[in-house]
Amino acid sequence: MKRTFSILPLLFAIIVVSCTHETPQEPSMIVEAYIDANGYPTVLLHKSYVLDNIPDSVQTLEEIAEQQLIMWGKVTISDGENEVILTGRLDTLYLPPYTYSTLNMVGEVGKTYTLTATYKQMTATATTTIPPIATFDSIRVFSNEGNKHILAYVSNPPTTEPAYYAMFMRYKGDKQYLLCPFGVFDNSKMHNDLLEVMVYNPFGNDTNLEYDFDKADTAHIYQLKLARLDYESYRYWNDYVSMATTKGIFFVPIYENLHGNVSGGIGNFTGMGSTIYNLSITNNKTYIYCNTN
């Protein structure tokens, strides 16, 4: 399956260090990590990369990613009571194709988790909290001048505090979720305790802002994740959306623009209060249904 790189922040961070006037002398550790409520942690580690040093034999971003993998790092996660060492393994369903995880720690709403990653002389730490679980009020198909789009509705949580969200999508059978374009928002613009959001398609060679229902495979199923985030993670993903949609190119100094929660490195550790939905699209009707997973 062809991958898209337009919404993988880790890949941006890998190459970004060559885009500033002052190139760092030593590589930084790049962390992309998350833990879902009722799910296991997943961590991807990389070293930053200077574009000027790319050898002629390296032709693609996949090759850069593989070249900068951190495969023998030590990653621990603590919930304040227990600390677990994660196991690293090759996993080609992710890009980069190596992840650290464990079955000995399950995310819980309200808990705070601290990640520590070490590799040679590099050490990075990050802390995140899993907020209450978010759900869609409803999902439907919207037709505009013959183009079909997916609209989702989010109910305002029973709180006076701000609530922050992000939407991710993957093909069913994949492991890695991609951030939906413009898929980061908060509850400040809700009307009558309901917020309408467009679910943009993150797959394809361009922005691909519509779903071609007529040509869709009858067995083609997306999985859509709605996640509630803490403020630090919301700021990170919101910064990334702003950068990706306004600059539209890889070669931008994002390691200074993204407000990640990683100390001693680049990236973010995201706690997610999430719900996963199955979206099945048929090719004989404009029809869509969803079931929580």
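Author: Happy to; we'll take the strands first, then the rings, then the cores. Keep in mind that this is a predicted model.

Reader: Good to know. In what order do the strands of the open sheet of 5 come?

Author: The order is E4-E3-E7-E8-E15, and the pairing is antiparallel.

Reader: And which strands stand at the edges?

Author: Those are E4 (83-85) and E15 (262-263). Each has a single partner strand, so one side of each has no neighbour in the sheet.

Reader: How many bridges join E8 to E15?

Author: There are 2 bridges, linking E15 to E8, which spans residues 122-129; the two strands run antiparallel. Thr 125 sits opposite Ser 263 of E15, and Ala 126 is opposite Val 262.

Reader: What about E7 and E8, how many bridges there?

Author: E7 (residues 112-119) pairs with E8 over 8 bridges, also in the antiparallel sense. Leu 115, for example, faces Ala 126 of E8 across the pairing. The two strands form a hairpin with 2 residues between them, and Lys 120 has a positive phi near 50° there.

Reader: I see a lot of threonines in E8. Which face are they on, covered or uncovered?

Author: The uncovered face is made of Thr 123, Thr 125, Thr 127 and Thr 129. Thr 128 belongs to the covered face, together with Met 122, Ala 124 and Ala 126.

Reader: Nice. Switching to rings: how many aromatic pairs are there?

Author: The structure has 9. One of them is Tyr 165 with Phe 185, a stacked pair at 5.3 Å centre to centre with 20° between the planes.

Reader: Why does that pair tie together separate parts of the chain?

Author: Because Tyr 165 is in strand E11 (residues 164-171) and Phe 185 is in strand E12 (residues 178-186), the pair connects parts 20 residues apart in sequence. Both Tyr 165 and Phe 185 are buried.

Reader: How are Phe 182 and Tyr 200 arranged?

Author: They form an edge-to-face pair, 5.3 Å centre to centre and 70° between the planes. Phe 182 lies in E12 and Tyr 200 in the loop between E13 (194-199) and E14 (221-229), so this pair ties together parts 18 residues apart in sequence.

Reader: Is Tyr 200 buried or exposed?

Author: Tyr 200 is buried, at 18% relative accessible area, whereas Phe 182 is partly exposed, at 43%.

Reader: Which residue lies over the face of Tyr 177?

Author: That's Lys 225, at 4.5 Å from the ring centre. There is also an aromatic cluster formed by Tyr 164, Tyr 231 and Tyr 234.

Reader: Last topic, the cores. How many residues does the largest nonpolar one have?

Author: It has 26, and Met 29, Val 31, Val 43, Leu 45 and Leu 115 have the most contacts inside it. Strands E1 (29-36), E2 (42-47), E3 (74-78), E6 (98-101), E7 and E8 each give two or more residues to this core.

Reader: What does Val 43 touch?

Author: Leaving out residues up to four places away in sequence, its contacts include Val 31, Val 75, Leu 86, Tyr 100 and Leu 115.

Reader: And what lies apart from that core?

Author: Another core, of 24 residues, including Ala 134, Phe 136, Val 154 and Leu 279.

Definitions and conventions
Residues are numbered from 1 along each chain as its sequence is written. This is a predicted model: local features need pLDDT of at least 70, side-chain atom pairs count only at pLDDT 80 or more; totals for chains, interfaces and linings use all residues. Side-chain values use heavy atoms; hydrogens and water are left out. Two strands pair if DSSP finds at least two bridges between them. Helices (H or I, at least four residues) and strands (E, at least two) are DSSP runs, numbered from the N terminus. Buried means under 20% relative accessible area, exposed over 50%, partly exposed in between (1.4 Å probe, protein chains only). Rings of Phe, Tyr and Trp (its six-membered ring) pair if their centres lie within 6.5 Å; planes under 30 degrees apart count as stacked, over 60 as edge-to-face and the rest as tilted. A charge sits over a ring if NZ of Lys or CZ of Arg is within 6 Å of the ring centre and within 35 degrees of the ring normal. A nonpolar core is a set of buried Ala, Val, Leu, Ile, Met, Phe, Trp, Tyr and Cys residues joined through side-chain atoms within 4.5 Å. Contact means heavy atoms within 4.5 Å.
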